[in-house]
Amino acid sequence: MEETGGLHEQPVTGVEERDGAVIVQLAGELDLYNAHVVREQLFAAAASEPDRLIVELSAVTFIDSTGLGVLIEARTRMANRRAFLLAGPGLETRRALEISGLDRHFAVHDSLDAALAASL
């Protein structure tokens, strides 16, 4: 993957498949400057029609409205939208989800293990 700009680290740090789930690990700042990279990766993951798509957010330090919009867009690509799960958001990310009201629309889990074990 290519560098997204001078000050931004790569937002997608890993993608793995585990027991029918696709886990996309994100890190750093998710904003207007790198949203396209996150969007491409999440759309590709959703296109593989996994049993569940987990977005691991524990290393995300900042997310703006563009980043939140990408999560919404990716969720709409899932046949079963309940299978789109967020895992491990830190304080800032959780606050952004709460302020936007998205915490009531997404399945948000405290950890990756909790998201993997959650019933859909």
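This is a predicted model: local features need pLDDT of at least 70, side-chain atom pairs count only at pLDDT 80 or more; totals for chains, interfaces and linings use all residues.

**Ser100**

I found Ser100 in helix α3, residues 91-100. Helices (H or I, at least four residues) and strands (E, at least two) are DSSP runs, numbered from the N terminus. Residues are numbered from 1 along each chain as its sequence is written, and side-chain values use heavy atoms, with hydrogens and water left out.

Buried or exposed? Ser100 is partly exposed, because its relative accessible area is 37% (buried is under 20%, exposed over 50%, partly exposed in between; 1.4 Å probe, protein chains only). I saw its side chain reach the backbone oxygen of Leu97 at 3.0 Å.

**Salt bridges**

How many salt bridges does a search of the whole structure find? I got four, a salt bridge being a side-chain nitrogen of Lys or Arg within 4 Å of a carboxyl oxygen of Asp or Glu.

I looked at Arg39 and Glu73, whose side chains meet at 3.0 Å, N to O. This pair links distant parts of the chain, with Arg39 in helix α1 (35-47) and Glu73 in helix α2 (65-76), 34 residues apart.

Asp110 sits in the loop between β5 (107-109) and α4 (112-117), 16 residues from Arg94. I logged Arg94 as partly exposed at 27% relative accessibility, whereas Asp110 is exposed at 64%.

Methods
A polar contact is a pair of N or O atoms within 3.5 Å; within protein, one must be able to donate a hydrogen and the other to accept it, and residues adjacent in sequence count only if both atoms are side-chain atoms.
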